[in-house]
Amino acid sequence: MDVLILSRLQFAMTTFFHFLFVPLTLGLSLLVAILETAYVRTGDENWRKATKFFGKLFLINFAVGVVTGIPLEFQFGTNWASYSKFVGDIFGSLLAVEATVAFFLESTFIAVWFFGWNRLSKGLHLASIWIVALASNISAFWIIVANAWMQHPVGYVIRNGRAELDSFRDVVLQPFALVEYMHTVGGAWILGGFFVLGISARHLARKSHV
């Protein structure tokens, strides 16, 4: 096998493994926020226990997702250096927005939520997990926009042998990206629901935490 095939295989393997965890992060972040909302509104300790239980699983999944995603960023420069040089003005800006805005917002408020159970008011603690859920899904949007642009490049011009951004609006709002986002995130929410259902059903079958 030549270098190109090996690079594709490595990148595919890294991407597939990373994406095992991403949809569950998107789905669980929303569901944990909904569970805590139920707790804050009703004061029922069962909702609080469910929030903390699935919140721990969410944190574990999020951490593994981050670790498996980092190599992907580096592989754009190692496996696909020529591509990154050619489209870096467009592709790089989308990844930069995702990392500097959505991901850091998500990571910060996950820490606030995890360590803030006995330090924050119920309202502020609830707000922190909703920020995490919102930031997670915003992060997914920017990654999907980058992917959609790879499949259907728009809003650019070729200048001096490189692709340069011509219309940021066209890149972000292209129909291909919006449809891909709704499909991916909708599937992630469904996955999160089935994850919670499956674990809950197992506990009920074993007559634990009834």
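A salt bridge is a side-chain nitrogen of Lys or Arg within 4 Å of a carboxyl oxygen of Asp or Glu. The model is predicted, so local features need pLDDT of at least 70 and side-chain atom pairs count only at pLDDT 80 or more, while totals for chains, interfaces and linings use all residues. Residues are numbered from 1 along each chain as its sequence is written, and side-chain values use heavy atoms, leaving out hydrogens and water.

**Salt bridges**

The structure holds 3 salt bridges.

| Pair | N to O distance |
|---|---|
| Arg48 and Glu45 | 3.9 Å |
| Arg162 and Asp89 | 3.2 Å |
| Arg159 and Glu164 | 2.7 Å |

Arg48 and Glu45 both lie in helix α3, 3 residues apart, about one turn of the helix. Helices (H or I, at least four residues) and strands (E, at least two) are DSSP runs, numbered from the N terminus. Arg48, at 21%, is partly exposed, and Glu45, at 39%, is partly exposed.

The side chains of Arg162 and Asp89 also meet in a salt bridge. This pair links distant parts of the chain, with Arg162 in strand β2 (residues 162-165) and Asp89 in helix α4, 73 residues apart. In the remaining pair, Arg159 is partly exposed at 40%, whereas Glu164 is buried at 18%.

**Buried residues**

Ile90 is in helix α4 and is buried, with a relative accessible area of 1%. Contact here means heavy atoms within 4.5 Å. Not counting residues up to four places away in sequence, Ile90 touches Trp149, Tyr156, Ala163, Glu164, Leu165 and Val171.

Glu180 lies in helix α7 (residues 175-205). Glu180 is buried yet has no salt bridge, and the nearest side chain of opposite charge, Arg8, is 18 Å away. Lys and Arg count as positive and Asp and Glu as negative; His and the chain ends are not counted.

**Helix packing**

Axes are lines fitted to C-alpha atoms, for helices over the stretch in contact, with angles from 0 to 180 degrees between N-to-C directions. Angles under 35 degrees count as roughly parallel, over 145 as roughly antiparallel, 65 to 115 as roughly perpendicular and the rest as oblique.

The axes of α3 (residues 45-78) and α4 (residues 81-115) come within 12 Å and cross at roughly 160 degrees. That makes α3 roughly antiparallel to α4. The axes of α2 (residues 22-42) and α7 come within 7 Å and cross at roughly 70 degrees. Helices α2 and α7 are therefore roughly perpendicular to each other.

Note on methods:
Buried means under 20% relative accessible area, exposed over 50%, partly exposed in between (1.4 Å probe, protein chains only).
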